[in-house]
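Hello,

Here is the structure we talked about. Please have it open while you read; my notes follow below.

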Amino acid sequence: MRAAVLQLSAQGMSSTKLYNYIRIASKQNIKLLLLGEYILNPFFKELQELSPSMIDEQAKHQAKVLKEMAHTYDITIVAPLVVVKKGKVYKTVAKFAPSSTSYYEQQILINYPHWNEEKFFANTPKPLQSPLMFKVGGFKFALMSGFELHFDAMFSEIAAKGVDCVLLPSVSTFDSYERWKTLILSRAFTHNCYILRANRIGEYADKEHVWSFYGDSLLASPNGELLEHLGNKEELMIVDMSHTEVVRARKAWGFRDALHKRSLS
């Protein structure tokens, strides 16, 4: 499976870079393209200053563009997208396939005093469901937001459902570089699957903080190894993944078998 991460800053209403990079991806035979959080929309703090109608206009424009490009270039594009339904603002991740579109509504939102998405967005807290799962060319993906990676319950069905790769769009900032890398590699190892992480770049400043989004988009292997990673600039990262490697890792480490013997998986 050949996939790619497009590491960008927020694009606003512009689609020029998306067009250019997706054309490049198509020429490289890429089947899936992953974007980070708050690329198609402004950062959360900026969204708070916008009306729902403005957010809706931008979201519909970008969704239309990506639907067209997915169809034209026969590629699946996974991109976080803030949408408006009945006047309420929701945080989602969209999957634009060549012939269909689906949305994953983020289940667990960050809720710290300086960054309270849970309070702003209309996503309703409810019992956790499985991450969105789908196949591209026989390769099985699961999709969750960056913040959801922290929660064990989000991974309960990753191995049981035979997921090959977890797609992880994120918006990591501040001094979290090493912590995020460690967490991603650990999750990849303990669940013996690839994790493809797309983090945005750029900067936002308010009166109290400077939010520097540092990139470091990466691919972790089913053995918990760092296979590829980017710096803090605009880049396209192309990666190749193998279902065979996932099967080998699960057989070698036997984590799922140990749980199955104890009726835990």
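**Cysteines**

C193 is buried, with a relative accessible area of 0%. Keep in mind that this is a predicted model. C165 is buried too, and its relative accessible area is also 0%.

How many disulfides are there? The count comes to zero. C165 is in no disulfide, and the nearest cysteine sulfur, that of C193, is 7.2 Å away. Seen from C193, the closest cysteine sulfur is in C165, and 7.2 Å is too far for a bond. The cut-off for a disulfide is 2.5 Å between the sulfur atoms.

**Aromatic pairs**

A search of the whole structure finds 22 aromatic pairs. One of them joins F44 and F120, with ring centres 5.7 Å apart. Their planes stand at 75 degrees, so this pair is edge-to-face.

Where do the two residues sit in the chain? F44 is in helix α2 (residues 44-47), while F120 is in helix α4 (residues 117-120). F44 is buried, at 1% relative accessible area. F120 is partly exposed, at 26%.

F134 and F141 make a stacked pair. Their centres are 5.6 Å apart, with 25 degrees between the planes. Both F134 and F141 are buried.

Ring pairs also build a cluster. Its members are Y38, F43, F44, W115, F120, F121, F174, Y204, W211 and F213.

**Lysines over rings**

Which lysines sit over a ring? K85 has its charged end over the ring of Y90, 4.5 Å from the ring centre. K95 lies over the face of F134, at 4.9 Å from the ring centre. F134 is the residue that stacks with F141.

**A glutamate in helix α4**

Is E117 buried or exposed? Its relative accessibility is 2%, so it counts as buried. The limit for buried is under 20%.

What does E117 touch, leaving aside its neighbours within four places in sequence? The contacts are Y38, F44, K91, Q106, L109 and I110.

Best wishes

Terms used:
Residues are numbered from 1 along each chain as its sequence is written. This is a predicted model: local features need pLDDT of at least 70, side-chain atom pairs count only at pLDDT 80 or more; totals for chains, interfaces and linings use all residues. Side-chain values use heavy atoms; hydrogens and water are left out. Rings of Phe, Tyr and Trp (its six-membered ring) pair if their centres lie within 6.5 Å; planes under 30 degrees apart count as stacked, over 60 as edge-to-face and the rest as tilted. Helices (H or I, at least four residues) and strands (E, at least two) are DSSP runs, numbered from the N terminus. Buried means under 20% relative accessible area, exposed over 50%, partly exposed in between (1.4 Å probe, protein chains only). A charge sits over a ring if NZ of Lys or CZ of Arg is within 6 Å of the ring centre and within 35 degrees of the ring normal. Contact means heavy atoms within 4.5 Å.
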